[in-house]
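Hello,

Here is the structure I promised to pass on to you. Have a look at it first, and then read on for what I found in it.

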Amino acid sequence: MAETELQDDLISALYHEMFPMLLAYARSALGEGGIAEEAVQETFCVACRRERELANSPNPRGWLVNTLKNVIRQLRRTQEREAALLAELTAHEDGEPISPQSGSNPDLLYGDLRRDRDYLLLKRLALDQYTMAELAAELGISVEACKKRVQRARKRLQRRLKQNL
């Protein structure tokens, strides 16, 4: 049997054996939402990308648990950045944030926005640290047109978020 097939068999066996335990761990860390399952799936995606490293590990189960911990840590950082972005985007004119509950999970509160064009546009600027020129080039428009689009997106997103409160 080829090395790749052995590694695939190892990942498959680990998936069937470890998925329930890893999911329970992720749920305890992230809550019952679908994000816990996404974390475990991402863990196995990492395992597939780094299958040789996993196969050469003296403790493949521990390797998976540590990878899940790293995925959870990254998800939390992303949630914090998204929460900060949402607080900034939904602030009243006087700067007072609109916040339905402190400590709320933005994925649960605003999960439907993750595919919204306006949200993605603003996310590029705030979280991905794009400059207006880089964003304009990506969109294939002038910098001035991009600024106007961002301004409109911010207003539409603020209205939408205020309606959801």
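The protein chain has eight helices and zero strands, so its pattern along the sequence can be written as α-α-α-α-α-α-α-α. Please keep in mind that this is a predicted model. The mean pLDDT of the chain is 78, with 74% of the residues at 70 or more. One stretch to treat with care is residues 97-103, where pLDDT stays under 50. For that stretch the model has ten contacts beyond four places in sequence.

Now to the chain as a whole. Of its 165 residues, 34% are buried. The accessible surface comes to about 10200 Å², and carbon and sulfur atoms account for 49% of that. If you take the contacts with a separation of 6 or more, 61% of them are between residues 24 or more positions apart.

What does the inside look like? In soluble globular proteins, nonpolar side chains tend to be buried together. In this model, the largest nonpolar core has 21 residues, and the members that touch the most others are L22, V40, F44, L54, L64 and L68. Three helices, α1 (3-30), α2 (34-49) and α4 (60-89), each supply at least two residues of this core. The largest share comes from α1, with eight residues.

Setting aside neighbours within four places in sequence, F44 is in contact with I11, L14, Y15, M18, F19, L22 and L64. Another core, of twelve residues, lies apart from the largest one. Its members include L122, C146, A153 and L157.

Two single residues are also worth a look. Which helix holds T67, and is this residue buried or exposed? T67 lies in helix α4. Its relative accessible area is 9%, which is under the 20% cut-off, so T67 counts as buried. Beyond its neighbours within four places in sequence, T67 is in contact with T43 and V46.

E144 has a relative accessible area of 56%, and because that is over 50%, E144 counts as exposed.

Enjoy looking around, and write back with any questions.

Best wishes

Methods: Residues numbered from 1 in each chain as written. Predicted model: local features only at pLDDT ≥ 70, side-chain atom pairs only at ≥ 80, totals over all residues. Heavy atoms only, no water. Core = buried A, V, L, I, M, F, W, Y, C linked by side-chain atoms within 4.5 Å. Buried < 20%, exposed > 50% of the residue type's maximum accessible area, 1.4 Å probe, protein only. Helix = DSSP H or I, 4+ residues; strand = E, 2+ residues; numbered from the N terminus. Contact = heavy atoms within 4.5 Å. Areas by Shrake-Rupley, 256 points an atom, 1.4 Å probe, with all protein chains shown as cover. pLDDT = per-residue confidence, 0-100.
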